[in-house]
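Here are some friendly notes to read with the model open beside you. Take the points one at a time and find each residue as you go.

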Amino acid sequence: MDRFVYLDNSATTKVSERVFEAMVPYLTEHYGNPSSIYGIGREAHAAIDEAREKVAKAINAKSREIYFTGCGTESDNWAIKGAARHLAKKGKKHIITSVFEHHAVLHTCQSLEKEGFEVTYLTVDSEGYVSPSDVENAIREDTALVTIMYANNEIGTIQPIAEIGKICRDKKVLFHTDAVQAIGNVRIDVQAENIDMLSLSGHKIHAPKGVGALYVRQGVVIDNFMDGGAQENNKRGGTENLASIVGLGAAMEEAHNGLEEKAAKLTILRDKLIDNLLKIPHTRLNGGRENRLCTNVNISFEGIEGEGLLLLLDLNGIAGSSGSACTSGSLDPSHVLLAIGLEHGIAHGSLRLSLGRYNTEEDVDYALQVIPQVVERLRAMSPVWQEMKEQGLV
């Protein structure tokens, strides 16, 4: 293996040097409990306040509207369950979401269905976009909440969030968005986009794993996530993850300040990957070219399996991910790819490459050198590909 190219930044990112340096003092010297009144406790509390302000500034929120959590999944669970259970007391037990949300949202909604909530799952078009008119038409008198992801984690489509948010605001229905993939890649303004609640995660933007945040607009009431202490404005008890919260604040500030330059650079690399991979016969791009994350490339190769593709890429020093759910032990392809209309066989042969801040043009060139060779090798061994050749389909 001559080199290693990491192209799975949608899965996680490495901690940046700036974030690491910001965290170290709060693991070594300023390690006090933020609830303590002596010096190093007050220092810890002040550091959390500063991080909260940085997160808020990056999305045009108020610092008191930011709640620190353990991850994006926790933020999704808290926003959806907390709002739904609170509004159920007022007879509102209907939730609207889409069929291709992250499982943190889908499984949360399914859990609420067991509690007697009704959930409407909106379809998406062939490029992976939710229709605002579908959202509007699905809203009922008893609708408590609409939850639509900002950008899809697999195919990178950026949803018309501002338009959906305005519909929800006009209808007086709460609007939550899972922005885990969008943060750091898209300029987000919760005020202008009429967002009531927003989930984000640190490890997608070069902060450590195990820390996230939830934005809850002032005036929106949700049930507590966890009792047991006065932390997070009495909403989420438990001693704060001090160093990681500081790291998240530094990562949000870093991402916010350099967003446009990063996006411009990565868009060029993304388009180079897409344009050249589509030269391989019998391939297709999943998701639209417009309103797509600057980091996301998702390509399906007919006649091969995603798991074999990943293993051979790994042997060649390239880390990516597949649209199939092989890593979870499931034989079913990605629910996202099925939602946009792909047949099972094509969905199984998908590859997601996700760029990040540290990727270079040399990384892309190496990937474009290796991937066609790997696809050709796998097709040569594939009975599906051989059958397609016999039928004159290739």
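1. Is glycine 202 buried or exposed? Glycine 202 has 0% relative accessibility, so it counts as buried; buried means under 20% relative accessible area, exposed over 50%, and partly exposed in between, with a 1.4 Å probe and protein chains only. You will find glycine 202 in the loop between strand 7 (197-201) and strand 8 (212-216). Helices (H or I, at least four residues) and strands (E, at least two) are DSSP runs, numbered from the N terminus.

2. Before going on, a word on how to read the model. This is a predicted model, in which local features need pLDDT of at least 70 and side-chain atom pairs count only at pLDDT 80 or more, while totals for chains, interfaces and linings use all residues. Residues are numbered from 1 along each chain as its sequence is written, and side-chain values use heavy atoms, with hydrogens and water left out.

3. How confident is the predictor? The chain averages a pLDDT of 94, and 97% of the residues score at least 70; pLDDT is the predictor's confidence in each residue, from 0 to 100. Over residues 324-328, however, the pLDDT is below 50. Where pLDDT is low, the predicted coordinates should not be read in detail.

4. Back to glycine 202. Setting aside neighbours within four places in sequence, glycine 202 is in contact (heavy atoms within 4.5 Å) with Ala207, Pro208, Val211, Gly212 and Leu248. Histidine 203 belongs to the loop between strand 7 and strand 8 as well, and with 18% relative accessibility histidine 203 also counts as buried. Its side chain makes a polar contact with the side chain of threonine 12, at 2.7 Å. A polar contact is a pair of N or O atoms within 3.5 Å; within protein, one must be able to donate a hydrogen and the other to accept it, and residues adjacent in sequence count only if both atoms are side-chain atoms.

5. What does the record say here? UniProt, in an unreviewed entry, places the feature "binding site" at positions including Gly202 and His203. UniProt positions are given in the numbering used here, feature names are shortened, and annotations may be inferred rather than shown by experiment. The annotated residues are spread over 168 residues of sequence and also in space, up to 30.6 Å between C-alpha atoms.

6. Next, look at glutamine 159, in the loop between strand 5 (143-147) and helix 7 (161-170). Glutamine 159 counts as buried because its relative accessibility is 4%. The side chain of glutamine 159 reaches the backbone oxygen of glycine 128 at 2.9 Å. Among the contacts of glutamine 159 is Val130, which lies in the loop between strand 4 (118-122) and helix 6 (132-138). Valine 130, at 3% relative accessibility, counts as buried too.

7. Which residues of helix 11 (residues 306-315) are buried? They are Gly306, Leu309, Leu310, Leu312 and Leu313. Their cover includes strand 10 (296-301), strand 12 (321-322) and strand 13 (350-354). After helix 11 comes glycine 317, with a positive phi near 85 degrees.

8. Finally, trace the open sheet: 4 strands in the order 9-10-13-12, with antiparallel pairing. Two strands pair if DSSP finds at least two bridges between them. Strand 9 (283-285) and strand 12 are the edge strands, each pairing on one side only. Strand 12 pairs with strand 13 over 2 bridges, and serine 321 stands opposite arginine 352 in strand 13.
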